[in-house]
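Hi everyone, thanks for coming. Have a look at the screen, and I'll walk you through what's up there.

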Amino acid sequence: MKTRFLAGLVPALLFNSLPALASGPIAEVFCADRGEIRRKLTVQFGAVQVGSGIRDREATLEIWSNPTTGDWTLVQTYADGKSCILAMGDAWEAAPATAG
């Protein structure tokens, strides 16, 4: 499923955000406007946001997952509204919250 996900998402975002592609050691990281990434994840790939957390003053991390397929995506969103897909995979399982 990851290959199909990238096959649909990357070309759609690539032409609109070519300058935003990462040139560092993680070549698969790409960035676009948060709304654009959110629309693709929800509409095209059936993902829902299942978690988020503050990374620092300028960024939050979000986990998106398709509840049917288990595919997941890690997105970092910056204060300026840009989001970057950092990682993706499959077989996502939500862990129950535990005390301390």
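Predicted model: local features only at pLDDT ≥ 70, side-chain atom pairs only at ≥ 80, totals over all residues.

Residues are numbered from 1 along each chain as its sequence is written, and side-chain values use heavy atoms, with hydrogens and water left out.

Okay, the overview. The protein has 2 helices and 5 strands, and along the sequence they follow the pattern α-β-α-β-β-β-β. Helices here are DSSP runs of H or I with at least four residues, strands are runs of E with at least two, and both are numbered from the N terminus. Of the 100 residues, 30% count as buried.

Now the sheet. In what order do the strands sit in the open sheet? The order is E1-E5-E4-E3-E2, with antiparallel pairing. For two strands to pair, DSSP has to find at least two bridges between them. At the edges you'll find E1, residues 30-33, and E2, residues 48-56, and each of these pairs on one side only. On average, neighbouring strands are turned by 25° against each other, ignoring direction; axes are lines fitted to C-alpha atoms, for helices over the stretch in contact, and angles run from 0 to 180 degrees between N-to-C directions.

Then there's helix H2, residues 34-44, which packs on this sheet and touches E1, E2, E3, E4 and E5. By contact I mean heavy atoms within 4.5 Å. The direction of H2 makes about 105° with that of E1.

Let's go through some of the pairs. E1 and E5 are antiparallel and joined by 4 bridges, and Phe30 has Ile85 in E5 as its bridge partner. E4 and E5 pair over 6 bridges, also antiparallel, with Thr73 standing opposite Met88 in E5. The hairpin of E4 and E5 has 3 residues between the strands, and Gly81 there takes a positive phi near 95°. Asp80 is in that loop between E4 and E5, and it counts as exposed, at 61% relative accessibility. At the other end of the sheet order, E2 and E3 (residues 59-65) run antiparallel with 7 bridges, and Gly53 stands opposite Leu61 in E3.

While we're in E3, look at Ser65, which lies in that strand. Is Ser65 buried or exposed? Ser65 counts as buried, at 5% relative accessibility. Leaving aside neighbours within four places in sequence, Ser65 is in contact with several residues, including Ala47, Val50, Trp72 and Trp92.

On to charges. Side chains of opposite charge can pair when their charged atoms come close. Our rule for a salt bridge is a side-chain nitrogen of Lys or Arg within 4 Å of a carboxyl oxygen of Asp or Glu, and the count comes to 1. Which residues make it? They're Glu62 and Arg34, at 3.0 Å, N to O. Glu62 is in strand E3 and Arg34 is in helix H2, so the pair ties together parts that are 28 residues apart in sequence. Glu62 is buried, at 5% relative accessibility, whereas Arg34 is partly exposed, at 24%.

What about the core? In soluble globular proteins, nonpolar side chains tend to be buried together. We call something a nonpolar core if it's a set of buried Ala, Val, Leu, Ile, Met, Phe, Trp, Tyr and Cys residues joined through side-chain atoms within 4.5 Å. The largest one here has 9 residues, among them Phe30, Trp64, Ile85 and Met88. E1, H2 and E5 are the elements that give two or more residues to this core.

Most residues other than glycine have a negative phi. Ala91 isn't a glycine, yet it has a positive phi of about 65°. Ala91 is in the segment after E5, and it's exposed, at 56% relative accessibility.

Conventions. Buried < 20%, exposed > 50% of the residue type's maximum accessible area, 1.4 Å probe, protein only.
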